[in-house]
Amino acid sequence: MILKLANPLLGFCSRIGAVLLGFLRATGSLAIFTGKGVYHIFTPPYYWRQFLRQVVDIGYYSLPVVALTTLFSGMVLALQSYAGFAKFSSEAVIPMVVVVAITRELAPVLAALMVAGRIGAAMAAEIGTMAVTEQIDALSTLSTNPFKYLVAPRLLAGTITLPFLVLVGDVLGVYGGYLVGIHKLGFNSVAYIQNTWDALEGIGVVSGLVKATVFGFIIALMGCYCGYNSRGGAQGVGAATTNAVVSASVLVLVFNYLITELFFAAL
């Protein structure tokens with residue numbers, strides 16, 4: 001009787017232990033990968049052509065989707081805010097709500113999620129294909145460090161480029177709210193702009209840009225890590241692509257809270 005009860009319990013404990021060990025192993029592997037990637041960013045040689053190519057891929061080609069996302073988010077936010085504040089005759093705070101929400105939260109998070117879906121998947125697929133076809137081993141054979149050639153340029157480009165995308169998103173998101181406020185809700189143009197300017201805070205913009213910097217690093221890191229460690233042919237590359245997007249998106253949301261707590265806990 002005791003053995004019958006003990007066996008399921010031992011099996012359950014072993015499964016929990018296996019999950020915990022797997023999590024610790026993955027965390028340690030990611031930490032080592034991150035350390036190596038950051039180290040190779042700051043040590044020569046530098047592959048500037050690879051870096052510039054990644055800047056174009058991440059920044060220029062992601063600009064349309066980020067612009068459309070933030071523009072329509074600002075428009076929707078103005079409409080939803082009006083529906084709520086009109087009940088309390090507080091329509092005048094809508095410009096303030098739009099500019100604060102866009103600069104602090106919506107532009108950094110939405111831009112990061114869009115870039116994660118586009119760039120994170122692309123990085124994982126490209127590097128994963130190189131891994132399963134042994135092209136990364138070929139780089140080592142040719143005395144080219146794969147971290148310097150593949151990982152470091154992507155990490156640096158993602159970290160630098162995403163804040164510029166968020167700046168564009170800030171402007172277009174606020175402009176979207178302005179369009180709805182003026183042409184749909186009947187606000188006075190001068191008063192709307194003045195209220196927006198009065199509500200604009202430097203710490204809000206700075207916090208959004210800091211978030212964008214961290215998010216860009218996370219997206220590039222997860223894309224490179226999942227692609228670099230992919231195994232098993234085409235199926236492994238597909239799994240690496242999915243893991244890169246999901247893990248980057250979750251980490252973006254987690255670090256969004258942590259950075260928000262850091263900036264605004266004392267306010």
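**Exercise 1. Determine which residues line the largest cavity, and characterise that lining.**

Solution. The structure is a predicted model, in which local features need pLDDT of at least 70 and side-chain atom pairs count only at pLDDT 80 or more, while totals for chains, interfaces and linings use all residues. Residues are numbered from 1 along each chain as its sequence is written, and side-chain values use heavy atoms, with hydrogens and water left out.

Step 1. On a 1 Å grid over the protein atoms alone, a cavity is a set of points where a 1.4 Å probe fits but cannot get out, and lining residues have an atom within 4 Å of a point. The lining of the largest cavity consists of H40, I41, T43, P45, Y46, Y47, W48, F51, K148, A152, P153 and L156.

Step 2. Helices are DSSP runs (H or I, at least four residues), numbered from the N terminus. At least two lining residues come from each of α1 (2–41), α2 (48–60) and α6 (146–183); α6 has the largest share, four residues.

Step 3. Count Ala, Val, Leu, Ile, Met, Phe, Trp, Tyr, Cys and Pro as nonpolar, Asp, Glu, Lys and Arg as charged, and the others, Gly among them, as polar. The lining then divides into nine nonpolar, two polar and one charged.

**Exercise 2. Describe how α4 and α8 pack.**

Solution. Step 1. Axes are lines fitted to C-alpha atoms over the stretch in contact, and angles run from 0 to 180 degrees between N-to-C directions. For α4 and helix α8 (residues 202–228), the angle is about 15 degrees and the axes are 7 Å apart.

Step 1. α4 is therefore roughly parallel to α8, a class that takes angles under 35 degrees.

Step 2. The residues of this contact comprise 16 nonpolar, eight polar and three charged.

**Exercise 3. Characterise the largest pocket by volume, lining and contributing elements.**

Solution. Step 1. A pocket is an open set of points with protein on both sides within 12 Å along at least five of seven lines. The largest pocket holds about 470 Å³ of space.

Step 1. Of its 20 lining residues, L30, M222, Y225, S247 and L251 lie nearest the centre. Two or more lining residues are given by α1, α8 and α9 (233–264).

Step 2. α9 gives the most, with seven residues. By class, the lining has twelve nonpolar, seven polar and one charged residues.

Notes: Angles under 35 degrees count as roughly parallel, over 145 as roughly antiparallel, 65 to 115 as roughly perpendicular and the rest as oblique. Grid points are joined across faces, edges and corners, and a volume is the space filled by probe spheres set on the points.
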